[in-house]
Amino acid sequence: MGLGTHAHRMVIYPISHPDSETGLSLINWIAEVTHDDPDAYQNMGWYRQTSVDDFIHHFEDWKYDWLDVPALIRGSDIAYENPMIDRDPIPSWVDGPVALLGDAAHAMYPTGSNGASQAIIDARILGAKFLEFGVNPDALAAYNAELRDPISSLVLRNRDAGPFGLLNMVNDRCGGDFKNINDIVSEEERNDFMAKYKSAAGFARDALNNAPPLIAAGAKVG
Ligand SMILES: Cc1cc2nc3c(=O)[nH]c(=O)nc-3n(C[C@H](O)[C@H](O)[C@H](O)COP(=O)(O)OP(=O)(O)OC[C@H]3O[C@@H](n4cnc5c(N)ncnc54)[C@H](O)[C@@H]3O)c2cc1C
C-alpha cells in the first residue's frame, strides 16, 4: 500500500502470512521524505539504526479513520535509515572476463521495488547465455547485449514517480481530499496507468506467467 506523494510517502506491506488466529501479519514500512540536498547522503549510513523521534514529525498528522500512521511507526520494533541514491547507467556491464549483475550493474531507486527481482533475472539470463554459448566471452557479450540497455532505461525511469505517479495525480487534482476516488481519477484511468507502468517495468503478470522458463529444469552447462 502506498500513501502520500512521490516526494513524501509511506509504503506499507506484509512480510509474513496472516496469523491463523488473529489475522494479523508482520509488516514492513518505508517512510520517505525527499530533500533538495544532494550531499546529505554523505552524512548517513546504510541500514543505520535510527530513532523514530528523528523523523516522525514528517508524518505526525497522517491520521485517518482506517489507519493511524504515527501510531504504526511508534509501534515498530526497530527503524533503520537509508539514503535514497542510485547510480548513473554505465556503458557496459562486461569488462574482459568480469560481468556485473544486480546492484553492481544497476543500483536503482526502489520506485518499483524491483532491484532484488532484477538481480535474480540477471542471474537467470546469464545462466541461460552460458547454456547457449558455453562459459565464454560470447555468453557475457550476449548477456550484456540483452540487458544493459533496457535495464539502464529502467534505472533512469525509476528516478520518476513510478507507480506513485498515480498518487501524484490525485494530489495534483484535489490535494488528496476526496470522498470518492472515481470522481478524481476514473477506474479506467487508474487501470490504464498501472497497466502501462507494469508493462514498462516487466511486471506484466500474465505475460510473465505464460512465458517459458529461462532455464529448463535440470539443465547443465556441458
Ligand atoms: C530499504 C531498501 C528496500 C528495498 N526493497 C526492495 C524490494 O521491496 N524489492 C526489491 O526487489 N528490491 C528491494 N531493494 C533493493 C534490493 O535490496 C537490492 O536491489 C538487492 O539486494 C541487490 O542484490 P545484490 O545481490 O546485487 O547486492 P547486495 O544485496 O548488496 O549484495 C552484495 C553483497 O556483497 C557483499 N560485499 C560487498 N563487498 C564485498 C567484498 N569486497 N567482498 C565480499 N563481499 C562483499 C555485501 O556485503 C553484500 O552482502 C531494497 C533496497 C533497500 C535499501
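Student: How far apart are Asp192 and Lys196 in helix α7?

Tutor: Asp192 and Lys196 are four residues apart in helix α7 (residues 187–200), so about one helical turn separates them. Helices here are DSSP runs of H or I with at least four residues, strands are runs of E with at least two, and both are numbered from the N terminus. This is a predicted model, in which local features need pLDDT of at least 70, side-chain atom pairs count only at pLDDT 80 or more, and totals for chains, interfaces and linings use all residues. Residues are numbered from 1 along each chain as its sequence is written, and side-chain values use heavy atoms, with hydrogens and water left out.

Student: What do Asp192 and Lys196 form?

Tutor: They form a salt bridge, with the closest N and O atoms 3.1 Å apart. A salt bridge is a side-chain nitrogen of Lys or Arg within 4 Å of a carboxyl oxygen of Asp or Glu.

Student: Is Lys196 buried or exposed?

Tutor: Lys196 counts as exposed, at 56% relative accessibility, whereas Asp192 is partly exposed at 40%. Buried means under 20% relative accessible area, exposed over 50%, and partly exposed in between (1.4 Å probe, protein chains only).

Student: How many salt bridges are found in the whole structure?

Tutor: The search finds nine. One of them joins Glu81 to Arg48, with the closest N and O atoms 2.7 Å apart. This pair links distant parts of the chain: Glu81 is in strand β5 (residues 80–81) and Arg48 in strand β4 (residues 48–49), 33 residues apart.

Student: New topic: which residues surround the ligand?

Tutor: The surrounding residues are Tyr47, Asn82, Gly102, Asp103, Ser113, Asn114, Gly115, Ala116 and Ser117.

Student: How far is a polar backbone atom of Ala116 from an oxygen atom of the ligand?

Tutor: The distance is 2.9 Å. For Ser117, a backbone N or O atom lies 3.2 Å from an oxygen atom of the ligand.

Student: Where is Pro70 found?

Tutor: Pro70 is in helix α1 (residues 69–74). Pro70 is buried, with a relative accessible area of 1%.

Student: How far apart in space are Pro70 and His57?

Tutor: They are 8.7 Å apart, C-alpha to C-alpha, and 13 residues apart in sequence.

Notes. Near = heavy atom within 4 Å. Polar contact = N/O pair within 3.5 Å; in protein donor to acceptor, adjacent residues only side chain to side chain.
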